[in-house]
Amino acid sequence: MNELLSRLNPNLLQQIDFYFHKIDFIFLNRLSFLLFILAMLLATGLSLTVPQIIEPLRNWRLVLRSLIANLVIVPILVLGLLHFIPVSEPIKIGFTILAVAAGPPVLPKLAQMVNGNLAFAAGLMMVLMLASAIFMPIVLPLVLDGVQISPWQVAKPIFVSLLPPLVIGLLIRSRFEAIAISVIPFLRRVNSFALILGLASSLALQFNSLIELAKSGIVLAIAIFIIVAFAVGYLLGGPNIDTRLTLGVGTAQRNIAGALIVAGTNFEDPAIISVIVVTSLSLFVVIRLIARQSFVKQTPSTELS
């Protein structure tokens, strides 16, 4: 038997290695996250009504605090911390871009993970991404030499990728509520599966970069980034725990789509893109781990009291 296993194992390992290298991880990664975004936003639209999304945004104090947290406090704190943390120039550039890129497209999923306010998350996602489309082209050239970006470059993902599935979900919910409610569990399983597949393929693609970045002091920088950004959002999220959690995770996670557009069109160093991707993925994983440990017993909320 041992002789048979010794003969089979090398062949099996060779086959696994062969198929591993045959997988197009770039295509798999893009397809996974596209499926994740579409399923997540469609499920969000099916879960809510238009008045539910608009209602939290009528609380202008909460919206104003959200904008201040994401567009003022976090960028200033992160830029200040970068003067004291010993990291390389590509890491500084990557963190600088992330610091001013507010409005994560995955905010509804993050709110669901921490049992936050889903309606507030959907509305806040749109508000922050539109604000970033104005904010980033103005601020980035002031803090990074040679950076050029148009507002449409940042706003384009909203109208091309985010709004259509959300609007379709809202329309279906308004006309066929029973069907919408029955489809939501399936879509949530799809987006969870797509998320796991996306994170796994990202790890395969970024593994070498992750090892190199781990040696450069980025672990400390990411930890500080997460703590500072989450604390800022949580403290400014109002008196209700669901909005505090939603703004906390929405401030800690940044607009990776907008950040990658800036990095890809203005810098040739691949380390900058690696910093953005690895940091964003790290934030997502950490938030998921915290959510599983701390907030699993809470009841998700879709209303702003």
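**Side-chain pairings and their surroundings**

Tutor: There are 2 salt bridges in the structure, a salt bridge being a side-chain nitrogen of Lys or Arg within 4 Å of a carboxyl oxygen of Asp or Glu. The model is a predicted one, in which local features need pLDDT of at least 70 and side-chain atom pairs count only at pLDDT 80 or more, whereas totals for chains, interfaces and linings use all residues. Residues are numbered from 1 along each chain as its sequence is written, and side-chain values use heavy atoms, with hydrogens and water left out.

Arg 58 is exposed, at a relative accessible area of 61%, while Glu 55 is partly exposed at 40%; here buried means under 20% relative accessible area, exposed over 50%, and partly exposed in between (1.4 Å probe, protein chains only). Another salt bridge links Glu 177 with Arg 173, whose closest N and O atoms are 3.5 Å apart. Glu 177 is partly exposed, with a relative accessible area of 43%, but Arg 173 counts as buried because its value is 15%.

The rings come next. The aromatic pairs number 3; rings of Phe, Tyr and Trp (its six-membered ring) pair if their centres lie within 6.5 Å, and planes under 30 degrees apart count as stacked, over 60 as edge-to-face and the rest as tilted. One of these pairs, Phe 95 with Phe 225, is tilted, with 5.6 Å from centre to centre and 40° between the planes. This pair connects distant parts of the chain, since Phe 95 belongs to helix H5 (residues 89-100) and Phe 225 to helix H10 (residues 218-235), 130 residues apart. Helices (H or I, at least four residues) and strands (E, at least two) are DSSP runs, numbered from the N terminus. Phe 95 and Phe 225 are both buried.

Phe 230 and Tyr 234 form a stacked pair, with centres 5.8 Å apart and 20° between the planes. These two residues both belong to helix H10 and stand 4 residues apart, about one turn of the helix. Phe 230 is partly exposed at 26% relative accessibility, and Tyr 234 is also partly exposed, at 25%.

Trp 60 is exposed, its relative accessible area being 54%. In contrast, Ser 66, also in helix H4, is buried at 0%. A polar atom of the Ser 66 side chain lies 2.8 Å from the backbone oxygen of Leu 62. Leaving aside residues up to four places away in sequence, Ser 66 touches Phe 120, Leu 124, Leu 128 and Leu 247, a contact meaning heavy atoms within 4.5 Å.

These details belong to a chain with 13 helices and 0 strands. Of its 305 residues, 47% count as buried. Among contacts with a separation of 6 or more, 83% are between residues 24 or more positions apart.

Technical notes: A polar contact is a pair of N or O atoms within 3.5 Å; within protein, one must be able to donate a hydrogen and the other to accept it, and residues adjacent in sequence count only if both atoms are side-chain atoms.
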